[in-house]
Amino acid sequence: MTTELSAATFKLAATAALSPAQQQLEHQLFTFINEHLHTPQPGLFVIHGDAGTGKSAVLAAAFARLQALSRSQTANPLQGTTNYLVVNHNEMLKIYKRLAGEDDQLRKKDFQKPTPLINRLAKTNQLADVTFIDEAHLLLTQPDRYNRFNQHNQLSELIQHSRVVVMVFDERQVLKLKSYWQASALQPFLAAYPHQQFNLDTQFRVTGSTAVVDWINHFTHGQLTAKPHVRDFDFRIFEDGQPMYDLIRQRDQTVQLSRMIATADFPYVVNHGTWYVTAGSLKLPWDKVNLTDDPWALRPETLNEVGSIYTIQGFDLNYAGVILGPSVGYDATTDRVIVRPERYEDQEAFKNRDDLGNLNPLKAQIIFNSINVLMKRGRYGLYLYAVDPVLRQRLLAL
């Protein structure tokens with residue numbers, strides 16, 4: 001595996017790199033699978049953890065081990081089992097399929113998006129033995145005709161068509177109303193099925209002290225605290241987007257995997273077919289539709305674009321230049337970060353839900369969730385620029 005690929009995927013295939021907590025989780029996970037593989041009811045194993053706590057790393061390592069046991073010529077309890085890893089995220093699916101080409105025990109068909117797998121298992125009346133779900137918070141919680149999902153909840157369907165379900169879940173990474181999850185939404189599933197839960201709480205991605213992660217967590221709850229100064233993490237706030245981009249380009253030249261990313265706040269204005277993000281004197285195009293097999297962050301030309309939550313969620317960057325768009329502002333009276341859903345340009349994220357009551361707090365939470373995803377991408381550095389002038393000056397004053 002190349003340095004770029006391993007960095008971009010939390011070293012997904014590096015089983016030896018698992019921490020003691022991750023190794024403990026993997027051990028408990030296989031004990032659970034073996035105990036519930038032949039029970040009358042499906043078993044549900046839930047892995048919780050914030051962005052960057054290594055959830056995908058341990059999931060990928062465990063799945064690779066599961067498939068090796070399934071395809072082993074030596075008799076074992078998991079030999080011959082039919083298992084899948086599901087992720088409702090095109091860019092992450094590309095990484096998993098790429099990993100399949102580097103591991104003799106993995107096949108590209110092992111990795112699926114939820115809707116095609118659900119529909120195929122239902123049509124053939126088959127059960128998967130073990131279904132792993134990465135980014136389960138991206139599963140749909142309502143029908144979606146566009147994606148050919150006609151049932152009501154993808155998690156419910158996957159449980160019904162599996163003997164054991166292993167899922168990674170972080171309600172703070174929900175980015176759309178049509179896949180809106182909160183922690184309490186899991187309770188009916190936990191009440192209905194034998195289950196076990198495991199929480200990963202060690203931050204592996206952001207290499208700075210806990211002060212940086214604490215600062216981000218406060219920010220994404222609307223609170224501004226003093227800017228931390230740490231030796232092993234480069235955290236800077238910029239007055240203009242161009243110098244930030246210049247530094248990102250320098251970082252990419254020296255250590256690679258450094259990219260500009262932004263909140264979905266920039267209106268589509270036709271300009272020779274290109275949709276631009278502006279940050280002070282900086283003007284760059286949004287990430288373009290990626291029809292290749294290579295994930296956005298691994299393509300060299302994307303250094304000249306601005307990534308979105310949909311192209312960067314689930315990935316490591318070495319350095320992240322984050323543009324906070326017009327939907328993110330500041331209230332001087334309360335000294336708090338505020339969000340303005342009416343300025344958020346990702347209309348698909350706010351597609352109306354009649355079953356969730358007052359949508360305003362949920363919309364605000366989705367914006368804060370997107371900020372959390374963006375700010376926790378960089379392993380060695382986070383650079384910030386706020387389009388809103390009042391917020392920008394307040395951040396600079398920190």
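Start by selecting strand 7 and strand 15 (residues 378-386): four bridges join the two, and they run parallel. The model is a predicted one. Within this pair, pick I237; its bridge partner in strand 15 is L384.

Five strands make up an open sheet with parallel pairing, and their order is 7-15-12-8-11. At the edges are strand 7 (234-237) and strand 11 (306-307), each of which pairs on one side only. Strands in a sheet pair through hydrogen bonds of the backbone, in parallel or antiparallel fashion.

Most residues other than glycine have a negative phi.

Select L257, in the loop between helix 9 (241-255) and strand 8 (258-262). L257 is not a glycine, yet its phi is positive, about 50°. Is L257 buried or exposed? L257 counts as buried because its relative accessibility is 4%, and the cut-off for buried is under 20%.

Finish at D335, in the loop that lies between strand 13 (328-331) and strand 14 (336-339). D335 also has a positive phi, about 55°, although it is not a glycine. With a relative accessibility of 28%, D335 counts as partly exposed.

Conventions: Residues are numbered from 1 along each chain as its sequence is written. This is a predicted model: local features need pLDDT of at least 70, side-chain atom pairs count only at pLDDT 80 or more; totals for chains, interfaces and linings use all residues. Side-chain values use heavy atoms; hydrogens and water are left out. Two strands pair if DSSP finds at least two bridges between them. Buried means under 20% relative accessible area, exposed over 50%, partly exposed in between (1.4 Å probe, protein chains only).
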